[in-house]
Amino acid sequence: MSTADGWEVVASTPVYQSPYLEVRSEKVRIPGQPGERAWTTVRRKAAIVIAPLTDAGAFLLIRQARIPVRQFLWEFPAGQVDEAGEVTPAILEATARRELIEETGRTLPEEGRLISLGAFFSSPGFTDETCHFFLAQPVHPSGSGGGPHPDEVIAEVKEFWPAELRRMVAENMIQDANTLALFARLTARGLVV
């Protein structure tokens, strides 16, 4: 299978599959390069990462158990798109709203804004996962609670002022790639002062 920009997948064999990811052994021809390259690739659904901002100007982070690294990490809320097929802006926004309420117990009121801030590849050396960034403002308690997915352990939801968040990034207290990348995007756009 060839793409318009000259990449060619010579072979792609499934190795493992779960509801969250698929591991494939692949052989690919890279444009302008001789021969084929063998690679193990992890295919993942698109994901969203949200920076929830309160009326007062504080960001909400969750402290979540991350089993692979055996730590609780401070993170912006995030989650995978559940819908199959083409990932549209409407699907991304619906996923962002769902994850916001599930992971923080907050919602975006009718007059609130959900602002798309682009996307990034979380770790393109082994996965095709694309994470889409959003700023949600102002977020309010939902009144109906929410609750994390049964596979998640969220120990705490806490507000952080921009200066606190900046200090946490500088002092290596934030170690989650999604959160670091979204913080960088917010900073570059002048949304963290």
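Glutamine 137 is in contact (heavy atoms within 4.5 Å) with Leu53, Leu108, Gly112, Arg113 and Ile115, when residues up to four places away in sequence are not counted. The model is predicted: local features need pLDDT of at least 70 and side-chain atom pairs count only at pLDDT 80 or more, while totals for chains, interfaces and linings use all residues. Residues are numbered from 1 along each chain as its sequence is written, and side-chain values use heavy atoms, with hydrogens and water left out.

Glutamine 137 belongs to strand 10, residues 130-137; strands (E, at least two residues) and helices (H or I, at least four) are DSSP runs numbered from the N terminus. With a relative accessible area of 18%, glutamine 137 is buried, a term for values under 20% with a 1.4 Å probe and protein chains only.

A nonpolar core is a set of buried Ala, Val, Leu, Ile, Met, Phe, Trp, Tyr and Cys residues joined through side-chain atoms within 4.5 Å. The largest such core has 23 residues, and Phe59, Leu61, Phe76, Leu182 and Leu186 have the most contacts inside it. Two or more residues each come from strand 4 (47-52), strand 5 (59-66), strand 9 (113-121), strand 10, helix 2 (162-170) and helix 3 (177-188). Helix 3 gives the largest share, four residues. Leucine 182 touches Val49, Ile50, Ala51, Phe76, Leu117, Phe133 and Phe134, not counting residues up to four places away in sequence. Another core, of 14 residues, lies apart from the largest one and includes Ala46, Val81, Ala96 and Leu100.

Threonine 40 lies in strand 3, residues 37-44. Its C-alpha is 9.6 Å from that of threonine 13, at a sequence separation of 27 residues.

Technical notes: Buried means under 20% relative accessible area, exposed over 50%, partly exposed in between (1.4 Å probe, protein chains only).
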